[in-house]
Amino acid sequence: MTTQTVYLALVDGLSDWEYGHAAAQINLQVFQRQPGRYEIKTVAVSLDPVRTIGGVRMLPDVTIADVDVEGAAMLILIGSDSWEAGANADLGGLARRFREAGKPVAAICGATIGLAREGLLDDVKHTSNFPGELGEYSGSGLYQDVRAMRDRGVITAGGASALEWTREILLELEAYRPRTVDAWYELYREDNVAAFERLMASVQD
């Protein structure tokens with residue numbers, strides 16, 4: 001089995017709470033349908049350190065120029081005020097490369113602005129923090145007032161919906177069985193023993 005890379009894009013001021021569940025569950029092997037199928041790599045414009053909104057220093061694994069789109073499984077874009085400020089155009093271009101190659105892209109919070117600017121939300125159902133967040137773009141009629149949306153390989157969510165966004169990412173990647181995803185989501189949403197028991201049972205057979 002060939003290991004596919006899920007690229008996690010790093011930008012200055014990225015929101016620490018938005019990517020944690022997705023990165024951990026993609027990398028954690030115990031619940032995987034096919035352990036070893038995916039790996040996480042961080043990507044940025046350069047290899048210089050990035051500071052998150054929480055002040056955490058992160059080092060990219062690769063630059064945009066070194067991304068292997070054909071061997072990739074997904075590109076994940078995290079929210080940051082820098083998107084609204086008009087930065088990160090290179091990552092928007094990388095998202096376009098992924099979509100042109102038929103690869104899924106997941107964006108949350110401000111990163112959805114980058115997809116809208118690239119025209120990548122013009123023909124798919126999508127969401128964000130609120131409708132006006134995305135400015136003027138051709139796909140505004142496809143905006144959905146939901147916590148997370150997955151449509152034809154494009155996964156979007158508002159910044160307060162990291163759990164729902166991660167659920168859609170795991171389903172898109174087919175990383176977990178659907179019932180495992182359901183139990184995982186219920187556990188972290190409701191924090192109850194029954195959900196934990198269902199989660200563990202879902203990977204026993």
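# Helix contacts, sheet and buried residues

Mentor: L163, E164, T166, R167, L170 and L171 of helix α5 meet P178, V181, W184, Y185, Y188 and R189 of helix α6, where contact means heavy atoms within 4.5 Å. Sorted by class, this contact holds eight nonpolar, one polar and three charged residues; nonpolar covers Ala, Val, Leu, Ile, Met, Phe, Trp, Tyr, Cys and Pro, charged covers Asp, Glu, Lys and Arg, and the others, Gly among them, are polar. The model is predicted, and local features need pLDDT of at least 70, side-chain atom pairs count only at pLDDT 80 or more, while totals for chains, interfaces and linings use all residues. Residues are numbered from 1 along each chain as its sequence is written, and side-chain values use heavy atoms, with hydrogens and water left out.

Trainee: Why is α5 called roughly antiparallel to α6?

Mentor: Helix α5 and helix α6 (residues 178-190) pack at an angle of about 170 degrees, and their axes are 10 Å apart. Angles run from 0 to 180 degrees between N-to-C directions, with axes fitted to C-alpha atoms over the stretch in contact. An angle over 145 counts as roughly antiparallel, and therefore α5 is roughly antiparallel to α6.

Trainee: What makes α6 roughly antiparallel to α7?

Mentor: With helix α7 (residues 193-201), α6 packs at an angle of about 155 degrees, and the axes are 8 Å apart. This angle lies above the cut-off, so α6 counts as roughly antiparallel to α7. The crossing of α6 and α7, however, is left-handed. On the α6 side the contact is made by T180, A183, W184, E186 and L187, and on the α7 side by A195, F196, R198 and L199. By class, these residues divide into six nonpolar, one polar and two charged.

Trainee: In what order do the seven strands form the open sheet?

Mentor: The order is β5-β2-β1-β6-β7-β9-β8, with mixed pairing; strands are DSSP runs of E with at least two residues, helices are runs of H or I with at least four, both numbered from the N terminus, and two strands pair if DSSP finds at least two bridges between them.

Trainee: How do you know that β5 and β8 stand at the edges?

Mentor: β5 (62-63) and β8 (148-151) each have a single partner strand, so one side of each is left without a neighbour in the sheet. By contrast, strands β7 (residues 105-108) and β9 (residues 154-157) run parallel and are joined by four bridges, and I108 stands opposite A157 in β9.

Trainee: Which strands does helix α3 touch as it packs on the sheet?

Mentor: Helix α3 (residues 89-100) touches β1 (4-9), β6 (72-77), β7 and β9, and its direction makes about 145 degrees with that of β6. Helix α5 (residues 162-173) also packs on the sheet, touching β1, β2 (38-44), β6, β7, β8 and β9, with its direction at about 165 degrees to that of β6.

Trainee: Why is Y7 called buried?

Mentor: Buried means under 20% relative accessible area, exposed over 50%, and partly exposed in between, with a 1.4 Å probe and protein chains only. Y7, which is found in strand β1, has a relative accessible area of 4% and is therefore buried. Leaving out residues up to four places away in sequence, Y7 touches residues that include K41, V62, M74 and F98.

Trainee: How do you know that T63 is buried?

Mentor: T63 lies in strand β5, and its relative accessible area is 15%, so T63 is buried. Beyond residues up to four places away in sequence, T63 touches V43, A44, V45, S46 and L47.

Trainee: What makes D151 buried?

Mentor: D151, in strand β8, has a relative accessible area of 16% and is therefore buried. Its contacts, leaving aside neighbours within four places in sequence, are V124 and K125.

Trainee: What is the value that phi of N88 is near?

Mentor: Phi of N88 is near 70 degrees, a positive value in a residue other than glycine. Most residues other than glycine have a negative phi. N88 lies in the loop between α2 (81-84) and α3, and it is buried at a relative accessible area of 16%. Phi of C109, in turn, is near 55 degrees, also positive in a residue other than glycine; C109 lies in the loop between β7 and α4 (111-117), and at 15% relative accessibility it counts as buried.

Definitions and conventions. Parallel < 35°, antiparallel > 145°, perpendicular 65-115°, else oblique. Left-handed = near helix turned anticlockwise from the far one by under 90°.
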